[in-house]
Protein chains: 2
Amino acid sequence: MGKSLVYPKRESNTMNRYKHRGTYDLGPIHSIINSASVLHVSFSPSQDDPFPAILPMIGQMGSFEFPSSGIDDPLECYLHGYVSSRIMNQARARGDEGLPVCIAATHVDGLVLSLTPNSHSYNYRSAVLHGYATLVTSEEERLWAMKLITNSVVPQRWENTRIPPDGAEMQSTTILKVKVVDGSGKIRDGGVSDEKKDTERAEVTEKVWVGVVPVWQTFGEPVPDRLNRVKQVPEYINSYVARANEQNRQHAMDAIKVSLPKEEQH
Amino acid sequence: MGKSLVYPKRESNTMNRYKHRGTYDLGPIHSIINSASVLHVSFSPSQDDPFPAILPMIGQMGSFEFPSSGIDDPLECYLHGYVSSRIMNQARARGDEGLPVCIAATHVDGLVLSLTPNSHSYNYRSAVLHGYATLVTSEEERLWAMKLITNSVVPQRWENTRIPPDGAEMQSTTILKVKVVDGSGKIRDGGVSDEKKDTERAEVTEKVWVGVVPVWQTFGEPVPDRLNRVKQVPEYINSYVARANEQNRQHAMDAIKVSLPKEEQH
């Protein structure tokens, strides 16, 4: 068994409440990030603006330097997507130092319906990373990151499209690379957790249904575009849709079955 | 026809790219927020910390002062959930002035698979609000907000649980109220949009399948807890699960059918 790497605890990523399922392990944190369709990326737009900004972006953890890295090895976060010029300009202005960003990914796995409103909760998995975002300038690394991100949306998609991107496409694409300084994850699973003051009152337990509504992200049957000329939906797409649906559903169902020690639930 | 209220444009919420489906209308923005299971809330933890923080929270737009307000009226955002003591302490320290926060909600409606990696996209709806968060102190308003938020998870859930919360429960619950100063929404829908240089090349179009994989959030069959004593899943839960599933699926399918003028797509 190898060592399990953990992110350092800083004030900003140390969890004070609901520690029960907090993790600093790289593996689970990176998995939560990599399986999220959307990452929410926050940065401070300027000294004059009191409000942080949040952008929804597509991203993926990976290592260009050490491509054989596993999910629990040190990785960078590569971002692409609905990129305002603001974040790009800010990152460019910071140069090698990078723009401080926060990256968050959250999966909702279930609605936990308890006896009292206060005990209601979600089953969920969330991860947060802090790091410094720089613009990737090397053509080779940009191309590698574009493939990484495209194949995170649908595996094998990159090699089944018109590649490589031409000069204009390479120029119009900006990839941010976030060097991670710390991270944390939080997982809530299991069933309802009510207090004795309610569980021992028949007039409450006989009236209020308690349980979990499992929640997951579903992919529907692929819909060909009117410009599509390929008769059948390719196998790599169909099999991914089927696999993802089954995994997502299974994850929500498995989360319910986990039985936490009572005092650790919420 | 009444007037349609819009949020003011500030530098921080003005969209520079992909304007095609940008909106400043209160109605659509509030709807995107209210239909999201999770909101990502960002704030600057301290002057010494370069990184913004992001918390996943449950929230809902509403008006305590004017309960008859509709979705396109001015509303506040009430937040509850995975609340670190940090955000609460910061908001408390700011008093009436409030803590500057950014709130983001994103729904993924489809994977848009185009001829080239660069034209790949998501169908999505996203909304961002900026505002000042204060702690709700009035018991009456706190109770109102707790009901608002509980019923946003499952309609009618509040009145079907053990209520009202007792003194200890009221004390342990913190509600943040965000007075919104600006907001914006962005919607991408439709099919693929490739450029002529590819759509006119048979060797590309005959090889690459193009279309949209619809994506939506699914609620599974409610799973009773081992502590549950109510024999049947209540109708208000079953009907909500069925309604939400149908609406979510329909939303993803409808998004595909929208046909944007070519030059406005990406």
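**Chain A, chain B and the contacts between them**

Leaving aside neighbours within four places in sequence, A:L227 is in contact (heavy atoms within 4.5 Å) with B:T199 and B:V210. This is a predicted model, in which local features need pLDDT of at least 70 and side-chain atom pairs count only at pLDDT 80 or more, whereas totals for chains, interfaces and linings use all residues. Residues are numbered from 1 along each chain as its sequence is written, chains are lettered from A and ligands numbered from 1 in the order in which they are written, and side-chain values use heavy atoms, with hydrogens and water left out.

A:L227 itself sits in the loop between β9 (223–224) and α7 of chain A. Here helices (H or I, at least four residues) and strands (E, at least two) are DSSP runs, numbered from the N terminus. Because its relative accessibility is 29%, A:L227 counts as partly exposed. On this scale buried means under 20% relative accessible area, exposed means over 50%, and partly exposed lies in between, with a 1.4 Å probe and protein chains only.

With 0% relative accessibility, B:T161 counts as buried. Apart from neighbours within four places in sequence, B:T161 is in contact with A:S114, A:L115, A:T116, A:P117, A:H120, A:K207 and A:V208. Within chain B, a polar atom of the B:T161 side chain lies 2.7 Å from the backbone oxygen of B:W158.

How are the two chains related?

Turning to chain A as a whole, its secondary structure comes to seven helices and nine strands. The C-alpha trace of chain A spans about 70 × 50 × 45 Å along its principal axes. Of its 266 residues, 57% count as buried. Among contacts in chain A between residues at least 6 apart in sequence, 73% join residues at least 24 apart.

Helix α7 of chain A (residues 235–257) has 23 residues and reaches 33 Å from its first C-alpha to its last, close to the 33 Å expected at 1.5 Å a residue; the expected span is 1.5 Å times one less than the number of residues. Buried residues in α7(A) are A:Y236, A:I237, A:Y240, A:V241, A:A244, A:N245, A:A252, A:A255 and A:I256. An α-helix has 3.6 residues a turn, so residues three or four places apart point the same way.

In chain B, strand β2 (residues 39–43) has five of its five residues buried, so the strand is largely enclosed by the rest of the structure. Both faces are covered, with B:L39, B:V41 and B:F43 on one side and B:H40 and B:S42 on the other. Two strands pair if DSSP finds at least two bridges between them. Five bridges join β2(B) to antiparallel β3 (residues 53–62), and three join β2(B) to β5 (residues 99–113), also antiparallel. B:H40 has bridge partners in each of these strands: B:P56 in β3(B) and B:A104 in β5(B).

Terms used:
Polar contact = N/O pair within 3.5 Å; in protein donor to acceptor, adjacent residues only side chain to side chain.
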